[in-house]
Amino acid sequence: LLRGGAAGGYAEDGVLLEHITHYVEHPVPVDPPAEPPPPPPMPLPLTKKERKKLRTQRRLAAEKEKQDQIRCGLMAPPPPKIKISNLMQAMKNEAVADPSALEAKVRAEMAQRVKNHEERNLARKLTPAQRREKKRRKMLNDPSGGGTPVTLYRIHTVPNKQKLYKIDINAQQNHLTGLMLLADECNLVVVEGGPKAQRRYRKLLLHRIDWTDFGAADDDDDEDETEELMRELERIKKERAAEAAKREKDNAETEERERDSSILQGNPLLDPTRLGAAQGSSSSFSVKRRWDDDVVFKNQAREPKKEARRFINDTVRNDFHRKFLYRYIK
C-alpha cells in the first residue's frame with residue numbers, strides 16, 4: 001500500500017489509494033497449536049415416563065399454535081368431522097333440505113377416512129426383514145447409554161446335556177456372547193448383551209430351569225435307558241401287530257361264515273339242516289310262500305281307516321271349524 005516500501009514513510013502522497021476499496025478483508029482463522037477442547041457433556045438419559053410427558057407437551061404446544069393461527073385467519077379451519085350420530089347437530093339446514101343426499105355424502109366421507117387410515121397403516125407397516133432387524137436391534141441396543149451390561153452366574157452343580165443345550169441355544173437366540181467354565185466345585189457363566197436379552201436370560205437361569213433335577217448320572221446310564229426304551233417300543237409294536245393280525249383273521253372268518261350262511265339260505269338244496277330234515281319228510285324242500293305272492297294287485301280290498309264321527313257342541317272346537325282353519329288359514 002506504500003510507494004517505495006516502508007522506507008518511504010507514511011505520507012499521504014506515498015499511499016497507493018487505488019488499492020483501497022470499501023471491501024473488508026477478514027483473515028482466515030487459524031486454530032492455535034493446543035489440545036482440542038473437551039467434548040460437551042452428554043445429555044442425561046430420560047426415562048420412558050419423562051419421554052412420554054415431553055411428547056405430550058410438544059403435541060399440546062403444536063395444537064395450541066395451530067388454533068392461534070386459525071383464530072387469527074392465517075390458516076383455514078379444518079372441515080367438520082361429520083358422522084351419522086352428529087349429522088343433525090352439525091348440518092341442520094342442509095339435513096332438513098335434503099337428508100338423503102347429505103347422508104350419502106357423510107357415508108362417503110366416513111369411508112374415505114377409513115381408507116386413509118388403512119393406507120397410513122399400510123405405509124407405516126414394516127417388511128419381514130425390517131421387523132427382524134428391529135427385533136435384533138432391540139436385543140442389542142442399550143437405551144440407557146451405559147455400555148454393554150455383563151452378568152456373571154454361578155452354578156453349584158454340573159448341568160447335564162439338556163441344561164447345557166438350553167443355556168447355549170438361549171444365548172444364541174438372544175444375541176448374547178460370553179463363556180461358560182465347568183469345574184467339579186463350581187461352574188461360571190458369563191454373558192454380555194443388551195438389557196432386554198439379559199432380562200430374558202436371567203429368567204431362564206433363575207426361574208425356568210429346575211436345578212434340583214439332576215437327571216441321569218452319566219452317558220452310560222442314558223444309553224442303557226435309551227436301549228431299554230427301544231426294546232420296550234419294539235415289544236409294544238410286535239404286540240400291536242399280532243393283535244391287528246388276529247383281528248383281521250377273526251373278521252375274515254366271520255365274513256366267510258356269513259357268506260356261507262347267506263348262500264345256504266338262498267339255495268335250500270345246499271342247506272344241510274333242510275337236507276337232514278328231508279330224509280324224515282318229503283315236504284322239507286318246499287319253499288314257504290305267502291298265498292298272495294303271485295297276485296298282481298295286492299291290498300286292493302283294504303279301505304282307509306275311517307275316523308269315528310263325534311259331535312261337539314262348540315263352533316270353535318268342532319271338526320269342521322278345525323278343518324277349515326287347517327285348510328285356509330295355515
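Me: Which residue forms a salt bridge with Arg259, the closest N and O atoms being 3.9 Å apart?
Reply: A salt bridge here is a side-chain nitrogen of Lys or Arg within 4 Å of a carboxyl oxygen of Asp or Glu. You are looking at a predicted model, where local features need pLDDT of at least 70 and side-chain atom pairs count only at pLDDT 80 or more, while totals for chains, interfaces and linings use all residues. Residues are numbered from 1 along each chain as its sequence is written, and side-chain values use heavy atoms, with hydrogens and water left out. With 3.9 Å between the closest N and O atoms, the partner of Arg259 is Asp260.

Me: What is the relative accessibility of Asp260?
Reply: Buried means under 20% relative accessible area, exposed over 50%, and partly exposed in between (1.4 Å probe, protein chains only). Asp260 counts as partly exposed because its relative accessibility is 34%.

Me: Which helix holds both Glu232 and Arg235?
Reply: These two form a salt bridge, with their closest N and O atoms 2.2 Å apart. Glu232 is partly exposed at 34%, and Arg235 is partly exposed at 39%. Helices are DSSP runs (H or I, at least four residues), as are strands (E, at least two), and both are numbered from the N terminus. Glu232 and Arg235 are three residues apart, so about one turn separates them in helix α8.

Me: Which residue is linked with Glu232 and Arg235 in a network of salt bridges?
Reply: A search of the whole structure finds eight salt bridges. The network that contains Glu232 and Arg235 has one further member, Glu239.

Me: How many helices does the protein chain have?
Reply: Along the sequence, the pattern runs α-α-α-α-α-β-α-β-β-α-α-α-α. The secondary structure comes to three strands, and the number of helices is 10.

Me: Is Gly193 buried or exposed?
Reply: Gly193 lies in the loop between β3 and α7. Leaving aside neighbours within four places in sequence, Gly193 is in contact with Thr148, Pro149, Leu176 and Gln198. Its relative accessibility is 9%, so Gly193 counts as buried.

Me: How far apart in space are Gly193 and Leu140, C-alpha to C-alpha?
Reply: In sequence, Gly193 and Leu140 are 53 residues apart. In space, their C-alpha atoms are separated by 6.1 Å.

Me: What is the accessible area of the surface patch formed by Phe320, Phe324, Leu325, Tyr328 and Ile329 together?
Reply: Patches are made of residues with over 30% relative accessible area and no salt bridge, joining like charges within 9 Å and nonpolar side chains (Val, Leu, Ile, Met, Phe, Trp, Tyr) within 5 Å. Accessible areas come from the Shrake-Rupley method with a 1.4 Å probe, and for residues only the protein chains shown count as cover. One member, Phe324, is in helix α10 (residues 319-329). Together the five have an accessible area of about 570 Å².

Me: At what angle are the ring planes of Phe324 and Tyr328?
Reply: Rings of Phe, Tyr and Trp (its six-membered ring) pair if their centres lie within 6.5 Å; planes under 30 degrees apart count as stacked, over 60 as edge-to-face and the rest as tilted. This rule gives two aromatic pairs. Phe324 and Tyr328 have their ring centres 5.1 Å apart, and the pair is tilted because the planes are at 45°.

Note on methods:
Contact means heavy atoms within 4.5 Å.
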